[in-house]
Amino acid sequence: MAQQSQNSLQHFNLLKSKYQVTQCPDLLPQNILYFILRKADLGVELSASEINCLKESQLDQTLKTIKQEQQHRLQELINLENEFSQLKSKYKVKKHDIYWQSSPLYYLLLKLESGQYLTNSECHWLKSNHLEDTNSLAQEIKLFVQLKSKYKANSYQNSFPTSNLYSILKKLNISESLTQAEYDWLINNQLWETAEIFKQQESAKEAEFAALKVKYQATKYQTQSLYHRLYNILLKIDAQQQLGDDELKWLEQQQLTETIAIVQEIEQTKEFISLKKKYKASQYQDSSPKSHLYKLLKSLEARNKLGEQDINFLKKRKLTDTIKIANEQYISLLKSKIDLGELLDNSEIEWLKDNGREDIINLAKQKHYNYLKKKISIRRLQPINRAILHNHGEIGE
C-alpha cells in the first residue's frame with residue numbers, strides 16, 4: 001500500500017511538471033487535481049466543472065497546456081489518418097474499410113515503407129482480406145530487399161519496386177549486362193560495391209565467351225563484345241537449345257562452317273537419343289550420329305522395312321524389341337496401302353510370307369475381291385440405269 005502511494009505521488013509530480021502546475025492552491029484538494037491531470041493526460045475531455053475548478057484555482061497556464069495538448073492529439077490523429085490514406089494509395093489498398101486503429105494494416109504498410117519485408121503470417125492476413133495487389137507489392141519488396149543485401153546495395157534507402165535500382169539488381173541476378181546509363185546510375189548513387197559486382201560478372205562472361213568460341217570452333221571471329229550476336233548464339237548452342245533459321249543463316253554468312261557442323265552433330269545426337277527411346281534401343285550406348293544404328297533408325301522413321309543386314313545387326317546387339325516395332329510399323333504401312341485399294345507388290349507379299357503374316361495377304365485378297373465385285377456390279381447396273389432414265393425422258397435418244 002505504501003509502495004502504491006509512493007508510485008501515485010511520483011506520477012502526480014510528473015503530471016504537475018508536464019502541465020505546468022508550479023504552485024498548488026490551498027483550497028484545491030490534491031486528489032481532485034490529480035484526477036483532473038490524469039484525465040487530461042489520457043485524452044479524456046474535461047467537464048465544465050473541472051475546467052471551472054482550474055480557473056478558480058488560478059491554474060490558467062495548466063488549462064492552456066491541457067488545451068494545447070488536446071489540440072496536438074487531435075492534429076496527430078488527423079496526421080495519422082492522412083498518412084494512412086497516402087500509404088493505402090501507394091501500396092494499392094483498394095478495399096479495406098476497417099478503421100486504422102482496429103486494424104494491423106497501418107503497421108504492415110509502415111513495415112513495407114521502411115524497407116522491411118512481411119512475415120508469412122502477415123502476407124496471409126493480406127490475402128485473407130482480399131488485398132492481393134498489396135500482397136504482390138509485398139513480395140516484390142521482399143525480393144528487392146534480398147537483392148539489395150545480395151548485391152551490396154543496402155545503403156540505398158528506397159525499397160519500392162519502381163526504383164531504378166530494383167530493375168538493375170534483377171538484371172544482375174540473371175547475369176544480364178547493364179547499359180552504360182544503368183552503370184552510371186550506380187556510380188552516381190555511390191553504390192561502388194554493386195558496380196564492382198557487375199564488373200566481375202562482365203569479366204566472367206568475357207572469359208566464358210572466349211571459351212565458347214574455342215569449344216565451338218568460332219575463334220576466327222575476332223569480336224569480344226558481349227553484346228555481339230555470336231555470344232548469344234554460342235550460349236544457345238551450349239544450352240542445347242535449337243537455333244532458328246536466321247541464326248543458322250547468320251553463321252553461314254560468317255563462314256563459320258565448323259560451328260555449323262557441331263550444331264548439326266548436336267541436333268543429330270539429340271534426334272538419335274529420341275529415336276533410340278522410340279524404338280526401344282536405349283541400351284545401345286553409342287549416341288554418335290556416325291553410328292550405323294542412327295542411319296537404321298532414321299530409315300525406320302521414314303517407314304522403310306528392315307533389310308536382312310539390318311536385322312542381323314540388330315540381332316547381334318540383342319535389339320529384338322526394335323525389330324518387333326519395325327515389323328509392326330511396316331505391317332501398319334501395308335494395311336494403310338490395302339485400305340486405300342492399292343495392290344501389294346511381289347516383294348511385299350514375299351515379306352509377309354517370310355514373317356508369317358498370311359492374314360494380311362488374305363486381307364489384301366478380300367479387299368481386292370470386294371473392290372472388283374463392286375466394280376463389276378456398277379458396270380452391270382449402268383445399262384439398266386440408262387434405260388430407266390430414258391423412259392423418264394431424262395436423257396435423249
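Which residue lies over the face of Tyr 183? Select Lys 199, which lies at 4.8 Å from the ring centre; a charge sits over a ring if NZ of Lys or CZ of Arg is within 6 Å of the ring centre and within 35 degrees of the ring normal. The model is predicted, so local features need pLDDT of at least 70 and side-chain atom pairs pLDDT 80 or more, while totals for chains, interfaces and linings use all residues. Residues are numbered from 1 along each chain as its sequence is written, and side-chain values use heavy atoms, without hydrogens and water.

Ten aromatic pairs occur in the structure, counting rings of Phe, Tyr and Trp (its six-membered ring) with centres within 6.5 Å; planes under 30 degrees apart are stacked, over 60 edge-to-face and the rest tilted. Phe 209 and Tyr 231 form a tilted pair, 4.9 Å centre to centre with 50 degrees between the planes. Because Phe 209 lies in helix α10 (residues 192-215) and Tyr 231 in helix α11 (residues 229-238), the pair ties together parts 22 residues apart in sequence; helices are DSSP runs (H or I, at least four residues), numbered from the N terminus.

Tyr 284 is buried, as is Phe 313.

Finish at α16, whose buried residues include Ile 323, Tyr 330 and Leu 334. Gly 341 follows α16 and has a positive phi, near 85 degrees.

How values were computed: Buried means under 20% relative accessible area, exposed over 50%, partly exposed in between (1.4 Å probe, protein chains only). Helices (H or I, at least four residues) and strands (E, at least two) are DSSP runs, numbered from the N terminus.
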